[in-house]
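User: I have this one open and want to go over it with you. Start wherever you like.

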Amino acid sequence: MSTVTTHDGVEIFYKDWGPKAAQPIVFHHGWPLSADDWDAQMLYFLSKGFRVIAHDRRGHGRSTQVSDGHDMDHYAADTSAVVEHLDLRNSVHVGHSTGGGQATRYVARHGQPQDRVGKLVLIGAVPPVMVKSAANPGGLPIEVFDGLRQQLAANRSQFYIDLASGPFYSFNRPGATPSQPIIWNWWRQGMMGAAKAHYDGVKAFSETDFTEDLKVITVPTLVMHGDDDQIVPIADSAPLSAKLLKNSTLKIYETFPHGMCTTHAEVVNPDLLAFIKG
C-alpha cells in the first residue's frame with residue numbers, strides 16, 4: 001500500500017493513479033468514509049487523462065487508527081503531507097461534505113501559500129459552519145450532532161446501515177429506489193475506520209468555523225450542492241460559502257441528495273470536467 005507518514009507519526013494511505021505529468025485532481029472524502037467513495041470520479045477523470053489522487057483521512061479507511069488529531073487542522077496538515085510527498089502542482093482539490101471542510105482549510109492554510117493549488121471544488125460541503133450559534137442562527141442545533149454521537153456509540157454498524165439507507169442518498173424519499181450495493185458499500189467503508197476517529201470527527205465537521213478560510217481563498221472555486229441534501233442543509237452552507245469566496249461559482253442541483261457524487265455521477269462528472277477545463 002502507498003502511505004506517507006505525517007510529522008506526528010500517522011500513516012496516511014493514498015491512491016495515485018494516472019500519468020505523473022498530467023494535471024492532478026485531489027479528492028477529499030466525507031465522513032465516515034474513505035478514498036473508495038470517489039471511485040466513480042477517479043475512474044472518469046483517469047479516462048480523461050488526469051492524474052487522480054485520494055487519501056483516507058486519519059482514523060478512516062486504511063490510514064492509522066490513531067487516538068488523537070481528529071480535527072480540521074490535522075486533517076489539512078495530513079493532506080499537505082500527501083501533496084508535498086507527491087510534489088503536486090496546479091492541483092484541483094475536490095472535497096465532499098467533511099472533505100469539503102478539509103479541502104477548504106488545506107487550500108487556505110497550506111496549498112495556496114505554497115502555490116500548489118489551481119482550483120477548488122466544494123460538493124455538499126460543511127463550510128462555513130454547521131452548528132447553530134448566536135453567530136450562525138440558521139445552523140443545526142448541537143442536539144442533532146449529539147444524537148449522531150449517541151447512535152454511533154450505541155451501535156455503529158446499525159447506525160451506518162440506517163444512514164446510508166435513508167437520508168444520505170435520499171433513499172427515504174417517496175418513490176425512491178434504494179440501491180442495496182450502494183448502501184453496503186457505504187457501510188463497508190464506514191466500518192473500515194475507527195469508532196474513535198468517527199466519534200471525534202462529528203465535532204470536527206459540525207463545529208469548525210471555516211469563515212476566515214473561505215475569505216482568503218482566491219483560486220477559482222466551484223460550489224455544488226443538492227437542494228434535497230438532508231445531511232448538510234443547503235440554506236446554511238453552499239450559498240453562504242459562495243458569498244465568502246472571492247472567486248466562486250454556485251451550482252445548485254434540484255432534488256439531488258447529499259451523496260450526489262454516487263447517485264448522479266453522470267451529471268456531476270461532466271460538470272466537474274467543464275469547470276476544471278474552463
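Analyst: β7 supplies the largest share of the lining of the largest cavity, three residues. Helices (H or I, at least four residues) and strands (E, at least two) are DSSP runs, numbered from the N terminus. A cavity is a set of points on a 1 Å grid over the protein atoms alone where a 1.4 Å probe fits but cannot get out, and lining residues have an atom within 4 Å of a point.

User: Before more of that, what are we looking at and how is it numbered?

Analyst: This is a predicted model, in which local features need pLDDT of at least 70 and side-chain atom pairs count only at pLDDT 80 or more, while totals for chains, interfaces and linings use all residues. Residues are numbered from 1 along each chain as its sequence is written, and side-chain values use heavy atoms, with hydrogens and water left out.

User: OK. How many cavities of 30 Å³ or more are there, and what lines the largest?

Analyst: The structure holds one cavity of 30 Å³ or more. The largest cavity has a volume of about 40 Å³, where volume is the space filled by probe spheres set on the points, and grid points are joined across faces, edges and corners. Its lining is made of Leu122, Gly124, Ala125, Pro127, Val223, Met224, His225, Ala238 and Ser241. β7 (221–226) and α8 (238–244) are the elements that give two or more residues to it.

User: Which classes are in that lining?

Analyst: Six residues are nonpolar, three are polar and none is charged. Here Ala, Val, Leu, Ile, Met, Phe, Trp, Tyr, Cys and Pro count as nonpolar, Asp, Glu, Lys and Arg as charged, and the others, Gly among them, as polar.

User: Switching to packing. Which residues have the most contacts inside the largest nonpolar core?

Analyst: Val82, Val107, Leu120 and Ile217, in a core of 28 residues. At least two residues of this core come from each of β2 (11–17), α2, α3 (98–111), β6 (117–123) and α8. A nonpolar core is a set of buried Ala, Val, Leu, Ile, Met, Phe, Trp, Tyr and Cys residues joined through side-chain atoms within 4.5 Å. Buried means under 20% relative accessible area, exposed over 50%, and partly exposed in between (1.4 Å probe, protein chains only).

User: What is isoleucine 217 in contact with?

Analyst: Leaving aside neighbours within four places in sequence, isoleucine 217 is in contact (heavy atoms within 4.5 Å) with Thr104, Val107, Ala108, Gln112, Leu120, Leu245 and Lys246.

User: Serine 63 next. Buried or exposed?

Analyst: Serine 63 is buried, at a relative accessible area of 3%. Serine 63 sits in the loop between β4 (51–55) and α2 (72–86).

User: What does its side chain reach?

Analyst: The side chain of serine 63 reaches the backbone oxygen of aspartate 56 at 2.6 Å. A polar atom of that side chain also lies 2.9 Å from the backbone nitrogen of phenylalanine 13.

User: What about phi at asparagine 90 and threonine 255?

Analyst: Asparagine 90 has a positive phi of about 50° although it is not a glycine. Asparagine 90 lies in the loop between α2 and β5 (91–96) and is partly exposed, at 43% relative accessible area. Threonine 255 has a positive phi near 70°, lies in the loop between β8 (248–253) and α9 (260–263), and is exposed at 52%.

Note on methods: Polar contact = N/O pair within 3.5 Å; in protein donor to acceptor, adjacent residues only side chain to side chain. 1 Å grid on protein atoms, 1.4 Å probe; cavity = no way out; pocket = protein on both sides within 12 Å on 5 of 7 lines; lining within 4 Å.
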